[in-house]
Amino acid sequence: ARDRSPIVFSPAVSSRSLALLALASLVLGAAIRGPIVLGVDFPLNDGGLFLAFIEKILADGFAFPDFVDWNGYRVPFAYPPLSFYALAGLARATGIEPLKLVQYVPLVVNLVSVPVFVCVAARLLPGASALFFAAVAFPILPRSYEWLVMGGGVSRSPAMLATLIALLLTMEAIDRRRKSLLVAATVVLGIVLALHLEWGISGWVATTLV
């Protein structure tokens, strides 16, 4: 007979073990990522353009800009804008220079993603050994941070974090049979699209496959 048992996304380890593993993964991630960002005085790689986006928003009083002047070019403002407006608002509210926000916010958000990833992996992997390997491998893989702690990480890092949160909400919704959690996951995925188009598409595909 066909097995009709419900899908269950139970963590592969106890809550205490999961918390300790997530913390250890976070510490490992910080040890790898921290020196990359803290050793420079300007946002890495493509940070200049994203800084220009934020400064243009501030200069225009939060009106949506059509173009941004950067390196002698008029660049169309054709990019999901949520992260730029969020940092512009944070800069206005706190008085922190946009340069510092573009430099350090991607690192902080990327680090928050590490324990959230461990929580997602705990619900998808079959046992403790696989989860331990994932918790060690993720923070050391360059693809988990290389383009996410740089200037472009202003949008990429929050988008990855939100995608992981949407996956958690989707699995919880399936386990608890709660439509409200599915609605919450849908809202989060909408936020992902307003942060980064590619992560938005990936998030919708991933949650659908779950």
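Me: Why is K56 called partly exposed?
Reply: In this predicted model, K56 has a relative accessibility of 29%. Buried requires under 20% and exposed requires over 50%, so K56 counts as partly exposed.

Me: What makes D60 partly exposed?
Reply: D60 has 32% relative accessibility. That value falls between the cut-offs of 20% and 50%, and D60 therefore counts as partly exposed.

Me: How do you know that the side chains of K56 and D60 meet in a salt bridge?
Reply: The N to O distance for K56 and D60 is 3.5 Å. A salt bridge requires the nitrogen to lie within 4 Å of the carboxyl oxygen, so the pair qualifies. A search of the whole structure finds four salt bridges, and the pair K56 and D60 is one of them.

Me: What makes the pair E172 and R123 a salt bridge, and which parts does the pair tie together?
Reply: The N to O distance is 3.4 Å, and the cut-off is within 4 Å; the side chains of E172 and R123 therefore meet in a salt bridge. E172 lies in helix α6 (residues 153-176) and R123 in helix α4 (residues 98-124), so the pair ties together parts that are 49 residues apart in sequence.

Me: Why is E172 called buried?
Reply: The relative accessible area of E172 is 19%. Buried means under 20%, so E172 is buried. R123 is buried as well.

Me: What makes the phi of F62 worth a remark, and where does F62 lie?
Reply: Most residues other than glycine have a negative phi. Phi of F62 is near 70°, a positive value in a residue other than glycine. F62 lies in the loop between α2 (47-59) and β1. Its relative accessible area is 29%, between the cut-offs of 20% and 50%, so F62 is partly exposed.

Me: Why is R177 called exposed?
Reply: R177 has 54% relative accessibility. Exposed means over 50%, so R177 counts as exposed. R177 is placed in the loop between α6 and α7 (179-195), and its phi is near 55°, a positive value in a residue other than glycine.

Me: How many helices and strands does the chain have, and what share of its residues is buried?
Reply: The chain has eight helices and two strands, in the order α-α-β-β-α-α-α-α-α-α along the sequence. Of its 210 residues, 43% are buried. The chain exposes about 11100 Å², of which carbon and sulfur atoms supply 67%.

Notes: Residues are numbered from 1 along each chain as its sequence is written. This is a predicted model: local features need pLDDT of at least 70, side-chain atom pairs count only at pLDDT 80 or more; totals for chains, interfaces and linings use all residues. Side-chain values use heavy atoms; hydrogens and water are left out. Buried means under 20% relative accessible area, exposed over 50%, partly exposed in between (1.4 Å probe, protein chains only). Helices (H or I, at least four residues) and strands (E, at least two) are DSSP runs, numbered from the N terminus. Accessible areas come from the Shrake-Rupley method with a 1.4 Å probe; for residues, only the protein chains shown count as cover.
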